[in-house]
Every structure is written in C-alpha cells, then in structure tokens.
Amino acid sequence: MPLSILQIAAIFSWTGLCVAGALIARWLLGHERVSLGMARWMWAPGVLLIAGLRIRSVHGADSIDHDRPYFIVSNHQSFLDIPVLFRTLPIDLRFVAKHELRKLPFVSHYIDAMGMIWVDRKNKERSRESIRAVGTAVASGRTVLLFPEGTRHDDDRVHRFKSGMLSASIGSGVEVLPVAVVGTADGMPPRSLSILPTVVDVRIGRPLSTDGYEPDERRPLADAARDAVAALHAESLELRKRAREAGTA
C-alpha cells in the first residue's frame, strides 16, 4: 500500500503538470488538437509507466477511418481505462465525463477546454442537454468516447449499456465503434487505492452502422453495441487464458 500511495501521488502530480501544459497550449494556439495529442503522447504513457501497466496487444486499429468521427463505446473496469484508451486509439478523443469530476479543479478546466461533454445522470434536463451536446460534437467532426455501463466494474463482465447517450447517434450518420479493454481492473480496481503491475489487451471491433434505427430504438442500438463489446471482451479473455495455460502470459 505505501508504494501505491506514492504512485497515486505521482499520477496526480504528473496529471497536474500535463493539464497545465495542455491548457497553455490551448490558449496559445487557439485550438485543442495539440493539447489532445499531449494526452496521447505525454500524459497517458506517463500514467501507465507510473502504474506499471504494459499494453500487451491492440487488435483492430485498422478498423478506424481517421477521416471520420465515431461514437466509441467501451467497457469500463478502472480509472486506468482512460489513459489506456488515450494511448491505444490513434485519434483525438473527447470523453463524456461524469458531473462529479467537476470537483477536481485542474481536470474540470481541462475537460471544458478540450470540448468534452459533461453528463449528470441524476438530472434529467441536464442529461438531455448532454445528449444534444454529444450530437453537436460528432456533427462537427469530433469523435466522442462513452462508457455506457455507467460505472466501473471489475467482475470480467460487460454489463448492460445505458441507452441515453447512444440516442444521439441515431440519424447522425456517425457509426458506433466498439472497444473492449481487459486487464485494467487487475492494475487498479474500482474503489481501491491499490496499484499493481499488470498487462492489458485492447480489441477494436468493426464500426456499427446506425442506419435503419428510428429515434425510439435507442435500446436495440445500445444492446447491439453492448453485444459487440462483449464479444470482443470474450475474445480477449480467451486469448489471455490460453496464454496463461501456455506459460506465455
């Protein structure tokens, strides 16, 4: 535990330094592209290094068309999912962030400056505003990443997806890109201050078209997206099992 506390302190310090640099770059350049790149090439690698996390494999990155936006949907196991996804997805990411993160001064300023979207699921009107903001973001060519399970889970299951945010994709012409992350809960479980060295696997699926879905069919779309992520997740678990049995994990 003492080592974990030192690692957490180092992560907070590194995050504060990177956020300050990103905000300065945003102010000087007048756009957020370089600042988002800093998250991918500076902040995320630093956090993963401090945490002792190694990304062992990334499958399916060739599914990504860099000239179009996506609704990216991923399972959520740990805080470490965020730096892992920044590091492994070769595009500028804007997350849908929980309203509770507004309590973190540096982080909240960064989220606002990068054009990310806040969601307050406890307030129906604010939640509707968030859905409209997500639709506006992708309509302007921005990729948005959602964690539709709504919270972190460490039980090696992909839980039911909440459908609200995905409704913004219907009629937009923007595809849903499923992503599965496996291993981050071993490195930093939810509701824990422990950080342990681990390896992570990321699988990126084929984009799902939203054509043919009606505005009131957000639940079938959410279920289809969840099934796609669950299938990728199961593939990673099976490969990890085989690696352990072969003694190569």
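Guide: In this predicted model, two strands are taken to pair if DSSP finds at least two bridges between them.

Visitor: In what order do the 7 strands of the open sheet stand?

Guide: The sheet is open and its pairing is mixed, with a twist that averages 25° from one strand to the next. Strand 1 (53–59) and strand 4 (117–119) each have a single partner strand, so one side of each is left without a neighbour in the sheet, and these two stand at the edges. Read across, the order of the strands is 1-7-6-2-5-3-4.

Visitor: Which residue of strand 4 is the bridge partner of Val96?

Guide: Strand 3, which covers residues 94–98, runs parallel to strand 4, and 3 bridges join them. Within strand 4, the bridge partner of Val96 is Ile117.

Visitor: At what angle does helix 7 run to strand 6?

Guide: Helix 7, residues 218–246, lies across several strands, namely strand 1, strand 2 (70–74), strand 6 (175–182) and strand 7 (198–204). Relative to strand 6, helix 7 runs at about 30°.

Visitor: Is Glu32 buried or exposed?

Guide: Glu32 lies in the loop that links helix 1 (2–29) and helix 2 (33–51). Because its relative accessibility is 9%, and the cut-off is under 20%, Glu32 counts as buried.

Visitor: With which side chain does the side chain of Glu32 make a polar contact?

Guide: Leaving aside residues up to four places away in sequence, Glu32 touches Arg26, Arg94, Ala113, Met114 and Arg142. The polar contact made by the side chain of Glu32, at 2.8 Å, is with the side chain of Arg94.

Notes
Residues are numbered from 1 along each chain as its sequence is written. This is a predicted model: local features need pLDDT of at least 70, side-chain atom pairs count only at pLDDT 80 or more; totals for chains, interfaces and linings use all residues. Side-chain values use heavy atoms; hydrogens and water are left out. Helices (H or I, at least four residues) and strands (E, at least two) are DSSP runs, numbered from the N terminus. Buried means under 20% relative accessible area, exposed over 50%, partly exposed in between (1.4 Å probe, protein chains only). A polar contact is a pair of N or O atoms within 3.5 Å; within protein, one must be able to donate a hydrogen and the other to accept it, and residues adjacent in sequence count only if both atoms are side-chain atoms. Contact means heavy atoms within 4.5 Å. Axes are lines fitted to C-alpha atoms, for helices over the stretch in contact, and angles run from 0 to 180 degrees between N-to-C directions.
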